Amino acid sequence: MEACHPPEQSNVTSYAATAVAIVTLETFAGMWINAFIVSVICVAWIKRKTLNSNEKILLFLGSSRFWYLCIAWVFSIFIIIYPNHLYVHPIFQLLNSAHSFFNFSNLWFSASLCVFYCIKIASFRNSFFICLKVKIDRIVPCLLLGSVLSSLVIGTIVYNIMDKALSNNCNFTRQGRISKASMRKDQFFLPHYFMLGFGYATAFTAVILSALLLLFSLWRHKRNMQTNSTKDLSMDAHIKAMKSILSFFIMYSINFICLILTLIYAMKNENDVIFLIFLIQYTFPGVHSLILIFSNPKLKNTLLRILPCVICKVCMR
């Protein structure tokens, strides 16, 4: 998406129409799922006047994914249908900056949720870990604020990278459109991919460490139960948390592979392959949020209560 291409006339072919339909279906489905999470949590916030730490993270995560998919849809429409309008200053820079901001927010809010599950559920006698468990409700707002500020810094850097790349490598007409493009990907866009890799690696590391700590805590807990021949509800909490973190692990693994493939094919100018990779990536914010809904009893019950009413209204029309 970040590469600069020569302008072409807007021509909605059957291929373009199919691509737009697929992107629209993916992004709007994901936006609806994340909007559902945000709306349910906001209603609970209005009723109770407060939110617990888990709901705060889900609220920020759902919001970031909603706007990430919205920006991704606009970006895709420009690339497929209006490629010549994409590079009008400052549309290209703003879209890339906003895309990076919400992408990194999504990554780090997801990692924050994994860290929260680990600290809240894992059981260790270490004094530092006990201190974290006691202060977790005060730590979560700091994690969220740090994620937003870090993403804002990344978005600003991406804007400057794209602006410098276009101004130094593209010849503009008087209307601000690019008449000829000769982008140096190795000089300008590799830093962007490097930052993406850094963001994925940081969040992926947090997910892996959280999974390992929870797994070790689960192993110790199970061993103590076998020794004492007692049952404990903490076992179920460990297993549910491990399932949630496992879904994050799978998502991050596939996204990291997609990032590497994007970098490889971007250097070869294989734009069709890159677009296919982006289509795969756009499915995760919606699918994974659906997994989070069904792993949360409140969200799950609300969805199951609303869904029949929606289906009934659609059938009546």
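# Chatting through a helical chain

Reader: Hi! Let's start with Lys298: what does Lys298 count as, going by relative accessibility?
Author: Hello! Lys298 counts as partly exposed, because its relative accessibility is 37%, which falls between the 20% and 50% cut-offs. One thing to keep in mind is that this is a predicted model.

Reader: Good to know. Where is the place of Lys298?
Author: Lys298 sits in helix α11.

Reader: And which residues does Lys298 touch, not counting those up to four places away in sequence?
Author: With those left out, Lys298 touches Ala44, Arg48 and Glu55.

Reader: A loop residue, then. Buried or exposed, which is it for Asn296?
Author: Asn296 is buried, because its relative accessible area is 15% and the limit for buried is under 20%.

Reader: What is Asn296 in contact with, leaving aside neighbours within four places in sequence?
Author: Asn54 and Leu58 are in contact with Asn296 once those neighbours are set aside.

Reader: And which backbone nitrogen lies close to its side chain, and at what distance from a polar atom of Asn296?
Author: That would be the backbone nitrogen of Leu299, 3.2 Å from a polar atom of the Asn296 side chain.

Reader: What share of the residues of the chain count as buried?
Author: Of its 317 residues, 46% count as buried. The accessible surface comes to about 16900 Å², and 67% of that belongs to carbon and sulfur atoms.

Reader: And the contacts between residues at least 6 apart in sequence: what percentage join residues at least 24 apart?
Author: For that set of contacts, 77% join residues at least 24 apart.

Reader: On to helix packing. At what angle do α1 and α2 pack?
Author: Their angle is about 160°, with the axes 8 Å apart. The two helices are therefore roughly antiparallel to each other, and α1 passes α2 in a left-handed crossing.

Reader: What about the loop between α1 and α2: which residue is found there?
Author: Lys49 is found in the loop between α1, residues 14-48, and α2. Lys49 is not a glycine, yet it has a positive phi of about 65°.

Reader: How do the axes of α2 and α4 cross?
Author: The axes of α2, residues 53-80, and α4, residues 91-121, come within 8 Å and cross at roughly 150°. That makes α2 roughly antiparallel to α4. The crossing of α2 past α4 is left-handed.

Reader: While we're on α2, what does Ser63 count as?
Author: Ser63 lies in helix α2 and counts as partly exposed, at 26% relative accessibility. Ser63 and Asn34 are 29 residues apart in sequence, with their C-alpha atoms 6.9 Å apart in space.

Reader: Next pair: at what angle do α4 and α5 pack?
Author: About 110°, for α4 and α5, residues 127-134, with their axes 8 Å apart. They are therefore roughly perpendicular to each other. The contact is made by Cys118, Ile119, Lys120 and Ile121 of α4 together with Phe129, Leu132 and Lys133 of α5.

Reader: Last stop, Ser210. Which helix is Ser210 in?
Author: Ser210 is in helix α8, residues 190-228. Ser210 counts as buried, at 4% relative accessibility.

Reader: So what is Ser210 in contact with, leaving aside neighbours within four places in sequence?
Author: Its contacts beyond those neighbours are Cys114, Val115, Cys118 and Ile245. Cys118 also belongs to the α4 side of the contact with α5.

Reader: And which backbone oxygen lies 2.8 Å from a polar atom of the Ser210 side chain?
Author: The backbone oxygen of Ala206.

How values were computed. Residues numbered from 1 in each chain as written. Predicted model: local features only at pLDDT ≥ 70, side-chain atom pairs only at ≥ 80, totals over all residues. Heavy atoms only, no water. Buried < 20%, exposed > 50% of the residue type's maximum accessible area, 1.4 Å probe, protein only. Contact = heavy atoms within 4.5 Å. Areas by Shrake-Rupley, 256 points an atom, 1.4 Å probe, with all protein chains shown as cover. Polar contact = N/O pair within 3.5 Å; in protein donor to acceptor, adjacent residues only side chain to side chain. Axes fitted to C-alpha atoms, helices over the stretch in contact; angles between N-to-C directions. Helix = DSSP H or I, 4+ residues; strand = E, 2+ residues; numbered from the N terminus. Parallel < 35°, antiparallel > 145°, perpendicular 65-115°, else oblique. Left-handed = near helix turned anticlockwise from the far one by under 90°.
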